[in-house]
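Please look over the sequence and the coordinates shown here before reading on.

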Amino acid sequence: MPIFQEKARILKNQRVAQGVWEMRLQAPQIASAAYPGQFAMFRVRDELSPLLRRPFSFSRLNTADGTFDILYKVVGQGTRIMSALSAGDYLDILGPLGRGFRLPPKHAREIWFLAGGIGIAPFFGLLDMLRQHEIGFNITLFYGAATGEELVRCEFFEQNNCTVNICTDDGTCGFHGFITDSVERTCTLTSVPDYFYSCGPHPMQQRVMEWAKCNNLQGQMSMETMMACGVGVCLGCSISKNFFAGEQKIETGYLRVCREGPVFTIGDRT
Amino acid sequence: MTAKKAEVNLKVTLGPLSLPNPVMVASGTFGYGLEYSSLINISKLGGIVVKGLSIEPRPGNPPPRLVETHGGLINAIGLENVGVDNFVNQKLPLLLKHEVPVIVNIFGNTVEEYSELAKILDGVTGISALEINISCPNVKSGGIVFGTDPKQIQKVVSSVRENTGLPLITKLTPNVTDIGEMAKAAVEAGTDIISAINTVSAMAVDINSRKPKLGNIVGGLSGPAIKPIALKKVWNILNSVEVPVIGIGGISNHEDALEFLLVGARAVQIGTANFIHPKTSVEIIEGIRSFLESNGLKDVNEFIGSLKLDS
Ligand SMILES: Cc1cc2nc3c(=O)[nH]c(=O)nc-3n(C[C@H](O)[C@H](O)[C@H](O)COP(=O)(O)OP(=O)(O)OC[C@H]3O[C@@H](n4cnc5c(N)ncnc54)[C@H](O)[C@@H]3O)c2cc1C
Ligand SMILES: Cc1cc2nc3c(=O)[nH]c(=O)nc-3n(C[C@H](O)[C@H](O)[C@H](O)COP(=O)(O)O)c2cc1C
Ligand code: FES
């Protein structure tokens, strides 16, 4: 898979929720080679501070006009610099990188999306991908945020025939509690999903993994770790194979989130 | 313009090792050579130093393995690698399709492991040189890092020397009081070339979680932050031994590279900068060429070691 380095022109950069920004970039080579769930490494400015590139998932791919969107949360120096950029500015971007989402196995109809915080980002592209497929999947989104103000574009999922379950840590919107609590409750009360996709902070993903193991579920998880290169050479982004191993299995060794991931398949391989 | 470019000589000779230009990529920052090949023409490089190899594959350290600091990167990868057999059988043949000197970086935890690696690689065609990473603990000497003790350095380097006729580079750690002593030990044991520096030992902690930021607790600092340290270490080595020296540490552009050449390094390696801008090394080669041209120099060797010391 070729990797491109492009000077991408920013077409828009706007705040879409509390602390969350959306950026659209013109990067024809990257946009036309990318798949949902993949990511790109952004150099936020030409100087060497911050030193490293920052990884962001594609939220939507607009192959036809050579653009893509990202949704990002302002958490530190790099994302603060990005939020101050305007349409017409340029960013140096490396991508597309990693393995994106795969389609669910043939038998799957009931699909659950589990998104924690800014982990919602890749689900827009995933939904586009699944809605293009001939099978009419029944999709339920579980979307958790710290507070209602941080929720991003829930209406997109509603308009695309998803059942949307909102959870907030402070109870300002939807279910009062963690998304994993909501998922566990729903899973015992009603039917279990045929397949799931999840993306969110590490503690959430740990609980999702436990839930998936307990209920013997199959799915795909998009993981985040610190990255230096994003292309597989520094071996810095590793995650333990054991994280994904089944109940009894103990596996040694590591996988690179930037190459073997960021999206990993859970349960039986399909 | 192109005719003029051809006039500048960038070839350098480091004892038994000749390179098309003085700019290589450093071990651990360029994988096994091909990962960046869709972004840059790797045949333009002065050389590729591959990720450090041990006899058996290694899983590496528990994550997190990276921390970013001001102008630097602390890593604790733990020398994860595919093992020498996988490298020779699977990675090397693909790399050799490109015309670029391949330098194999090796490490072990016993003197025997180093000599075994030298024996294995000595018979492999296509390798331009071996680089011995001595920044690892000797398990038979209570975990003392080989590169911090002149006696251990002698043992490792001579055991490799006895088992290969390949040009030999010894890569020194900066985490010593007197790097000149270490360089002397390596030269006495038969190294042809010295490269320096490896990463500077470092640590980072989180005041909120009260935990170390690295799974391994401590790691090694690289990147622009270490450049002045590296330059001084290279200077120390040049003042202690006669063999050619390769400068490494924080080089991010052609000016940084020229600084190392100016103090006397015969070549340089680019590490962390590859992550930030994969084209760094090829741009440095062009930058050196233009610098020499605009300073009326026809040969990079005229610039190497031309530091003016008296006022
Ligand atoms: C494959 C991948 C995809 C990602 N996609 C998105 C996305 O679509 N939207 C989004 O907002 N964020 C995403 N992230 C996280 C994003 O890369 C970090 O939030 C960003 O690098 C922080 O940069 P900063 O300079 O603003 O913060 P820093 O000052 O560098 O750090 C601030 C905080 O962010 C954490 N952080 C830094 N780098 C990472 C990282 N690589 N992964 C996770 N946490 C990190 C730090 O530990 C610290 O707590 C993704 C990360 C990965 C690995
Ligand atoms: C992620 C990473 C992995 C490295 N792995 C190795 C290695 O396997 N063997 C080795 O001799 N040096 C290794 N190094 C050290 C570099 O080759 C180089 O000496 C050091 O990073 C300083 O140069 P820089 O500041 O240009 O990065 C590694 C450095 C980094 C950042
Ligand atoms: S970020 Fe370097 S190997 Fe994944």
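**Salt bridges, interface and ligand sites**

Over all chains, a search of the whole structure finds 18 salt bridges, a salt bridge being a side-chain nitrogen of Lys or Arg within 4 Å of a carboxyl oxygen of Asp or Glu. This is a predicted model, in which local features need pLDDT of at least 70 and side-chain atom pairs count only at pLDDT 80 or more, while totals for chains, interfaces and linings use all residues. Residues are numbered from 1 along each chain as its sequence is written, chains are lettered from A and ligands numbered from 1 in the order in which they are written, and side-chain values use heavy atoms, with hydrogens and water left out.

Within chain A, Asp69(A) and Arg24(A) meet through their side chains in a salt bridge with an N to O distance of 2.7 Å. Asp69(A) belongs to strand E6 of chain A and Arg24(A) to strand E2 (residues 20–26) of chain A, so this pair ties together parts that are 45 residues apart in sequence; strands (E, at least two residues) and helices (H or I, at least four) are DSSP runs, numbered from the N terminus.

Between the chains, 27 residues of chain A are in contact (heavy atoms within 4.5 Å) with 30 residues of chain B. The area buried between chain A and chain B is about 2400 Å², and carbon and sulfur atoms give 64% of it; buried area here is the accessible area (1.4 Å probe) that two parts lose on being put together, summed over both. Of the area that chain A buries against chain B, Leu51(A), Val233(A) and Tyr254(A) supply 28%, more than any other three residues. Across this interface the rule finds one salt bridge, and Glu68(B) forms a salt bridge with Arg54(A), the closest N and O atoms being 2.7 Å apart. On the side of chain A that touches chain B, strand E1 (4–17), strand E7 (90–97) and strand E14 (238–240) of chain A each supply at least two residues. The residues on that side divide into 18 nonpolar, four polar and five charged, where Ala, Val, Leu, Ile, Met, Phe, Trp, Tyr, Cys and Pro count as nonpolar, Asp, Glu, Lys and Arg as charged, and the others, Gly among them, as polar.

An N or O atom in the side chain of Arg54(A) is 2.7 Å from an oxygen atom of ligand 1, and a polar side-chain atom of Thr79(A) lies 2.5 Å from an oxygen atom of the ligand. Taken alone, ligand 1 exposes 840 Å², of which the protein buries 75%, with accessible areas taken from the Shrake-Rupley method with a 1.4 Å probe.

Residues from chains A and B surround ligand 2, so the site is shared between chains. Backbone N or O atoms lie 2.7 Å from an oxygen atom of ligand 2 in the case of Ser27(B) and 2.8 Å in the case of Gly223(B). The protein covers 98% of the 600 Å² of accessible area that ligand 2 has on its own.

Note on methods:
A polar contact is a pair of N or O atoms within 3.5 Å; within protein, one must be able to donate a hydrogen and the other to accept it, and residues adjacent in sequence count only if both atoms are side-chain atoms. A residue is near a molecule or strand if one of its heavy atoms lies within 4 Å of it.
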